[in-house]
Every structure is written in structure tokens, then in C-alpha cells.
Amino acid sequence: MFARHGYANVAVADIADAVNMGPSAFYRHYAGKAELLYDVVDAAFEDTLARLPAATGAGLPGLIRVLAANALDNRLSGVLWQREARALDSADHARLRRKIQQANRWFAAELSAARPELNTDQAELLAGCAMAVLTSVSFHRLTLPRAQFEELLAELTLRVLRLDPDADADPTPAPRRARCSGRGDRLIDAAVGLFARNGYAAVSIDDIGAAVGIAGPSVYHHFPSKHHILIEAMQRGHERLRADLLAATDGAHTAADALRRVTDSYVDLALEQSDLVTTLIAESVHLTSGPLGREMHVAQREYIDDWVALVLARNPADSSTVARIKVQAAQMVANDIGRTPALRRVPGLRATVRAACWVVQESALPLA
């Protein structure tokens with residue numbers, strides 16, 4: 001329920017009803033909803049840590065098969081951690097973060113052992129990209145037969161781990177016209193940063209006003225509600241994505257060229273405006289069912305549909321489901337690296353992330 005509706009939108013009574021008990025019975029087990037959220041995420045992390053093999057005997061392919069199976073078994077853990085764990089208090093959040101860091105360090109160490117030619121930064125960056133591919137399944141409900149899904153997820157992850165990072169490559173993103181910076185624009189920018197860091201539900205109008213140096217009630221001179229600020233932020237984000245997609249397809253000579261341009265433009269957005277991308281991905285659960293909310297959901301679906309069409313044009317042998325899984329994996333790589341400060345310092349970051357997002361969208365390759 002937390003994954004489907006968002007933590008803030010689920011009441012204790014909803015949880016109790018789902019297991020056929022009264023709210024008072026819930027409190028005999030948990031002091032509150034946050035305590036339950038912690039247990040849910042912690043149990044998934046503990047399961048992941050328990051499965052990390054000391055040695056697979058099969059090199060990277062065998063290792064990645066184990067991780068792919070675990071990602072599907074704990075499919076909701078990624079969205080609960082990245083989107084909902086912001087609701088936890090700082091101590092609980094820090095405890096969970098340490099477990100994530102433990103798994104990431106283990107993964108980077110295994111990659112370094114398998115590929116000793118990589119330096120520490122390169123191993124950590126490729127491991128981060130690969131973990132993003134694995135956790136991408138948490139953000140969609142696409143399904144395949146289990147064996148096929150494991151094989152595809154393992155294959156896409158292994159493609160990333162086999163990349164050769166180029167520390168000297170540093171492509172320059174296309175220049176963009178600056179947006180005007182009136183008070184309404186500054187309110188939106190401030191709100192997007194707060195939404196990304198704390199979650200939409202935890203941010204108040206007073207918080208948004210304070211971020212630009214005005215009283216909370218003054219925000220209503222510019223926007224009728226916090227929800228309207230979220231809608232406006234999302235509209236701007238989707239306008240940017242749509243403009244990039246149209247520019248990429250209009251200027252492309254082949255299907256592969258169009259797909260590459262769209263992929264690169266998305267990576268650039270995720271690296272340059274990670275708070276905006278986080279809001280687009282994580283806060284859509286808070287869109288209401290009114291006309292503006294429906295419009296945003298339609299815009300999201302249409303953008304993904306158009307990107308999937310480019311993958312299918314490039315890889316006609318892919319099914320629509322496989323193409324969508326690839327697109328989701330590419331987006332999650334860009335999103336995760338964009339909001340991971342520790343990786344942003346790695347030389348050749350943009351080139352490596354672009355390459356990782358591209359390689360997961362190529363045609364099927366044997367896992368070997």
C-alpha cells in the first residue's frame with residue numbers, strides 16, 4: 001500500500017482493514033505507521049544482505065544472477081527506500097542508509113576483484129549504475145515470465161558492469177535558454193528542492209515561503225495551493241522532456257541516432273536538475289484525480305510511450321514489455337547517479353552515465 005499509494009496517503013485504518021483487524025489491534029504491534037515502514041524496508045534490506053554470496057564460483061554473471069533474483073523477490077524495496085523512507089526520523093533513516101552503503105561497498109569490491117583494471121572511482125560508479133538497473137523494477141509493474149525476467153535483468157546489469165569508463169571524456173550538454181526568475185519561479189524552484197529532499201507531504205506552505213524569504217501566506221498570492229505548485233513544477237519538467245524528445249527526433253538521421261539523442265538529453269537533465277527529476281518520479285503519487293492531475297499522468301505516459309517507440313524502432317525484436325523495462329532501467333540509472341553526491345565527482349561521469357543508459361537499451365545479447 002505504501003508503494004502503490006504513497007506512505008502519506010495510507011492511514012493506519014487502511015492497513016488494519018487490509019488484514020481484517022481494527023486500528024486498536026494495529027497498535028498492539030506497532031507504535032505508529034513510521035515504525036511499520038521501518039520494519040518493512042529493514043526486512044527487505046536484511047534479506048538482501050543475507051543473500052550476498054561470499055563467492056559465486058561463476059564470476060560476474062553468476063553474481064549478477066543472484067542479485068537479479070533478489071531484486072525481483074524484494075521488488076518494492078527500492079521505491080519504499082527512495083520515495084517513502086524520507087518520512088522516517090533521522091536515526092532510523094541513518095540505520096537503513098548504513099545497510100545500503102554496506103551492500104554498495106560489497107558490490108564495488110566484487111567488481112574491483114573481477115576487473116582490477118578499474119580504479120576505485122570507476123568501480124564505484126559502474127556499481128552504482130548497475131544497482132540502479134536492478135532497483136529499476138521497483139518503480140514499475142511490468143511483468144515477464146520469472147526466468148525470462150531474471151535473465152533480462154541480469155543481462156542489462158552485466159552490460160553496465162562491462163563498460164570501459166573514459167575518465168578523459170566529458171561531453172558538454174547542449175546550452176539552454178535561461179528561464180525568467182520572478183518570485184513565482186523562485187517559489188517553484190524552492191519547492192522542488194524541498195520536495196526532493198523531504199517529500200511532498202512533509203513540506204508546508206510556510207517552508208516554501210521561508211525558502212525564498214517570504215511569509216507562508218504570501219505564497220497564496222502566486223499559487224492557490226501547494227498542490228498547484230507541484231503541478232506547475234511537473235508541467236515545467238514535462239515541457240522540458242517533451243522539447244528534448246522533439247528536438248532529438250527532428251534532428252536524428254536514424255532510429256539509433258534518435259534514441260541516443262533522447263537518452264543523452266535525459267541524462268543531462270538528471271545530472272543538471274536532479275531535484276526536478278526526483279520530483280517528477282517520486283511525487284506523482286501525490287497528484288490528485290482532478291483534471292490537472294490526470295493531465296500530468298497522461299503527459300508521463302505519453303513521454304514513456306514515445307521513448308519506448310524509439311527503442312522498438314531500434315530493436316524490432318524486442319517486445320513492448322522488454323522495451324519498457326529497458327527504458328525504465330535507463331531512466332533509473334540517470335536518476336540515481338544524478339542524486340548521489342559521492343559519485344558526482346568521478347572523472348568522466350557524464351560520458352559513463354550516458355554509455356550505461358545507452359547500453360541497457362541495445363538489442364538482446366547473450367549473458368555469458
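At 0% relative accessibility, V219 counts as buried, where buried means under 20% relative accessible area, exposed over 50% and partly exposed in between, with a 1.4 Å probe and protein chains only. This is a predicted model, in which local features need pLDDT of at least 70 and side-chain atom pairs count only at pLDDT 80 or more, while totals for chains, interfaces and linings use all residues. Residues are numbered from 1 along each chain as its sequence is written, and side-chain values use heavy atoms, with hydrogens and water left out.

Let's stay with V219 for a moment. It sits in the loop between helix 11 (205–211) and helix 12 (226–251); helices here are DSSP runs of H or I with at least four residues, strands are runs of E with at least two, and both are numbered from the N terminus. Leaving aside residues up to four places away in sequence, V219 touches L187, I205, G209, I214 and I229, a contact being heavy atoms within 4.5 Å. L280 is 61 residues from V219 along the chain, and their C-alpha atoms are separated by 22 Å.

One of those partners, L187, leads us to helix 10, where L187 is among the buried residues. Helix 10 (residues 183–198) has 16 residues and reaches 22 Å from its first C-alpha to its last, close to the 22 Å expected at 1.5 Å a residue; the expected span is 1.5 Å times one less than the number of residues. Its other buried residues include G184, D185, I188, A190 and A191. Helix 11, helix 12 and helix 14 (274–282) are included in what covers them. Just after helix 10, G199 takes a positive phi of about 90°.

Further along comes helix 13 (residues 255–272), whose 18 residues should span 26 Å at 1.5 Å a residue; the end C-alpha atoms are 26 Å apart, so the two agree. The buried set in helix 13 includes A258, L259, V262 and the run from T263 to L271. These buried residues pack against helix 12, helix 14, helix 15 (291–314), helix 16 (320–338) and helix 17 (349–359).

An α-helix has 3.6 residues a turn, so residues three or four places apart point the same way.

N20 is exposed, with a relative accessible area of 74%. Its phi is near 60°, a positive value in a residue other than glycine.

Finally, zoom out. The protein chain has 17 helices and zero strands. With 368 residues, a compact globule would have a radius of gyration near 21 Å, and the chain has 21 Å, which agrees; the radius is taken over C-alpha atoms, and the globule rule is 2.2 Å times the number of residues to the power 0.38. Along its principal axes the C-alpha trace spans about 60 × 55 × 35 Å. Buried residues make up 52% of the 368. Of the contacts with a separation of 6 or more, 73% link residues 24 or more positions apart.
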